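Hello,

Here is the structure I promised to pass on. Please have a look, then read my notes below.

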Amino acid sequence: MKNWFVALLLPALVSPVFGQDPVFSQFYAAPLHLNPAFAGVTNAPRITLNYRNQYPNFPNAYITYAATYEQSIEALNSGFGLMLSADAAGDGIYKTNRAAAVYGYRLQASDDFFIKFGVEAGLIQTVIDWNRLVFGDQLDPLTGAVDGSGNPNLSQELQPDRLNNTVFDVSAGLLAYGGPFYGGISVKHLNTPDESIIKLNENLNAGLPLRMTFHAGAEFNLGGRNNRGNTAFISPNAMFIKQGPFGQFNIGAYAGFGQFFGGAWYRHTLSNPDAAIVMLGFRKGVLRIGYSYDLTLSQLAQAPGGTGGAHEVSLTINFDDSRELARRKRASRYNDCFKMFN
């Protein structure tokens with residue numbers, strides 16, 4: 001059982017930055033994953049797709065997929081969203097699937113200051129592929145996990161009664177914005193759900209620790225418009241995430257120039273430098289696609305072959321960019337300092 005416990009922990013030990021939850025470097029392209037209060041910050045429906053491959057030089061240490069749909073209902077000052085995500089660790093041996101519904105409500109405090117409240121509720125499912133685990137008693141000094149004929153060596157470890165677990169999860173967030181500035185806070189796993197599959201010790205299964213996220217930024221127009229009336233802008237921003245003993249701090253800036261956009265960030269954990277992040281993207285009509293790369297700065301970069309960094313791709317379909325909706329937005333009292341999120 002000790003070997004089973006080590007095998008289960010290995011995927012988590014590969015990535016001390018993220019703790020138990022995946023975090024996208026392109027957090028602006030996954031706003032509901034950052035803070036449920038972002039639900040409905042666009043007038044029209046929005047669909048986002050995200051893919052992240054972290055440390056590909058390791059055996060597919062972490063691969064994360066996510067899909068989100070959100071819709072604003074202006075008459076109710078509300079926004080609604082649906083989120084799906086899947087996180088595969090250790091080449092898919094340990095998987096975490098999430099599905100959640102999100103609601104956000106906007107309160108206008110003054111002519112140019114708004115507060116949004118968001119709640120998120122859903123399910124988390126964890127699954128272990130027991131047949132792909134390799135335990136210490138299966139390893140032969142000469143042939144490894146197989147015998148001389150290539151057949152897998154047997155293990156004395158007993159398969160647990162269940163290989164998956166599904167739990168209910170609740171999160172909440174707050175977002176405030178006015179003029180060129182915005183800031184927010186979100187708290188994930190308010191009910192600290194216990195997603196563990198095996199309970200080795202009740203004291204060790206206290207559930208997912210709260211994930212606290214603080215984020216803030218500003219948006220400044222740089223002047224000039226393209227033929228669609230889009231201004232060039234720059235958005236400096238910062239984010240701090242703390243979950244259990246793990247934490248990270250991101251600081252950088254995002255810039256848009258007509259159909260092109262890009263950004264750069266530095267990420268630091270609580271104890272050491274972690275990564276430098278660069279991103280480039282292109283938008284056309286309602287479509288926006290971005291690619292980012294995380295250059296590992298921690299001691300993991302000294303591992304044989306390196307980590308391979310992290311590759312991330314995002315695709316956003318924002319129907320708010322249609323010409324009719326853009327005209328309605330300009331004609332309304334719509335406050336928008338979220339160009340990097342749109």
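A residue counts as buried when its relative accessible area is under 20%. Keep that cut-off in mind for what follows. Note also that this is a predicted model.

Tyrosine 28 is buried, and tryptophan 265 is buried too. There are 18 aromatic pairs in the structure. Tyrosine 28 and tryptophan 265 make one that is stacked, at 5.6 Å centre to centre with 20° between the planes. Tyrosine 28 sits in the loop between α1 (2–14) and α2 (31–34), and tryptophan 265 in strand β12 (residues 260–269), so their pair ties together parts that are 237 residues apart in sequence.

Tyrosine 177 and phenylalanine 338 form an edge-to-face pair, because their ring centres are 4.8 Å apart and their planes stand at 65°. Tyrosine 177 belongs to strand β6 (residues 164–178), phenylalanine 338 to the segment after α3 (323–331), so this pair joins parts 161 residues apart in sequence. Both tyrosine 177 and phenylalanine 338 are buried.

Next, the cluster. Ring pairs link Phe27, Tyr28, Phe233, Tyr254, Phe261 and Trp265. Arginine 288 lies over the face of phenylalanine 261, 5.6 Å from the ring centre. Lysine 339 has its charged end over the ring of phenylalanine 233, at 5.9 Å from the centre.

Last, the backbone. Asparagine 77 is not a glycine, yet has a positive phi of about 50°. Its place is the loop between β2 (62–73) and β3 (78–89). Threonine 192, also not a glycine, has a positive phi of about 40°. Threonine 192 lies in the loop between β7 (181–188) and β8 (211–218).

Best wishes

Notes: Residues numbered from 1 in each chain as written. Predicted model: local features only at pLDDT ≥ 70, side-chain atom pairs only at ≥ 80, totals over all residues. Heavy atoms only, no water. Helix = DSSP H or I, 4+ residues; strand = E, 2+ residues; numbered from the N terminus. Phe/Tyr/Trp six-rings, centres within 6.5 Å; stacked < 30°, edge-to-face > 60°. Buried < 20%, exposed > 50% of the residue type's maximum accessible area, 1.4 Å probe, protein only. Lys NZ or Arg CZ within 6 Å of the ring centre and 35° of its normal.
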